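The sequence and structure come first.

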Amino acid sequence: MTGEQTLSDTPWLEQGAEPFIKIRGVTKKFGEFTAVDNIDLDIYQGELFCLLGGSGCGKSTLLRMLSGFETPTSGSITIDGMDMSNVPPYERPTNMMFQSYALFPHMTVEKNVAFGLKQDKIPVAEINDRVHDILTLVELQDYKKRKPQQLSGGQKQRVALARALVKQPKLLLLDEPLAALDKKLREQTQFELMNIQEKVGITFVVVTHDQEEAMTLSTRIAVMNDGEFMQLGTPTEIYEFPESRFVADFIGSANMLEGRIVEDGPDHVRVKTDLGEVFIDHGQSVKEGSRVWIAIRPEKMHLSKEPPLKPGPNQAFGMVDDIGYLGDISIYKIRLENNQIIDVTAPNQIRPKSRTHTITWEEKVYLHWQASSAVLLTK
Ligand SMILES: Nc1ncnc2c1ncn2[C@@H]1O[C@H](COP(=O)(O)OP(=O)(O)O)[C@@H](O)[C@H]1O
Ligand SMILES: [Mg+2]
């Protein structure tokens, strides 16, 4: 089903590439309340783009404006070169898959999937072919005579996906598509969804509040809060280079140290914090003396029972306050001298001779991290 032309993996980096969706200055107000606040966004063909944020931040409202179920208060949306201002939902090149799946309970899988095509008065032979192809794609051929209540949660989700894809939209909008599934199934279904999207080559815009899901699925993520974008980037960019405390904290977890810039050199930054000096091995253009925050991921903190060979930057000292055993990893909660708790994670390999292996409650420990591990944040 994929077209002849090969799409770039990173169209957003390509000079002059034409976005498939252009959102310009889009605002949505409900009375006095601003649900979506002056958003600009380009999405490229073939992307699996995620709108990620907590409940009520405006994700669904933005998605619904793409589908045409909601009209922007101001701003414009262009899809595939066409201004959507006066285009009703059913004339847009989009289709929407809802969280509830909204399957017809009295119809078989096959009839559920064929329903939209029948309404469009597509010839029966073509309907049969398209339904067959799409059920094969989502691996539900053997279930086509079943009714929704005879299916598992994951199978229902695939029927809903098939029903949305069979209409061959240019853009599929998915609002929390996996929220009804339990954790294990959700993880498996994330990979299925990615594979299917890759096979059909259709642009997907997915709304989710689940950061792991967004990280797994997406080509790019927009992190939303209070109707605004906090950051836009690839999963790696957002995780490794958060631009604000909000994003550092929202995506994964981050230890946050407050401090002041002592020196901003061309290839390094030195920051004075309560816990001593932090040295970061890249420059950043921040004013000396200004207040900043240092974010360090728990997996980038190293724990040791031995004091460092010599004192220096990027070190701290504390006491083990708590240990959480999660099977594959353990989380150590380290209470520092200023009472701040720092999270450190370490994988649970069998390492009988390792020092960290024997670290236990109430023990004195030393922390250190590499100069490249700390992220400097100014907001
Ligand atoms: N039709 C509506 N009328 C009034 N307020 C609405 C309407 N739809 C959404 N909202 C409000 O707009 C905000 C964003 O909603 P929504 O986009 O559904 O959030 P999300 O999908 O991120 O959880 C919420 O505070 C919600 O209560
Ligand atoms: Mg929502």
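Where does K121 lie? K121 is in the loop between α2 and α3 (124-137), with helices (H or I, at least four residues) and strands (E, at least two) taken as DSSP runs numbered from the N terminus.

## Basis

The model is predicted: local features need pLDDT of at least 70, side-chain atom pairs count only at pLDDT 80 or more, and totals for chains, interfaces and linings use all residues. Residues are numbered from 1 along each chain as its sequence is written, while chains are lettered from A and ligands numbered from 1 in the order in which they are written.

## Positive phi

K121 has a phi near 60°, positive although the residue is not glycine. With 7 C-beta neighbours inside 10 Å, K121 counts as exposed (12 or fewer; buried is 20 or more, partly exposed in between, with C-beta atoms placed from the backbone).

D80 is also a residue other than glycine with positive phi, near 50°. D80 is found in the loop between β4 (74-79) and β5 (82-83) and is partly exposed, with 17 C-beta neighbours inside 10 Å.

## Core

The largest nonpolar core has 90 residues (buried Ala, Val, Leu, Ile, Met, Phe, Trp, Tyr and Cys joined through C-beta atoms within 7 Å). Helix α4 (residues 153-165) gives the most to this core, six residues. Domain 1 (12-245) and domain 2 (253-377) both contribute, so the core lies between them; the bounds come from an automatic or database domain assignment.

## Helix pair

Residues V109, N112, V113 and G116 of α2 meet V159, A162 and R163 of α4 (contact: C-beta atoms, placed from the backbone, within 7 Å).

Key: Contact = placed C-beta atoms within 7 Å.
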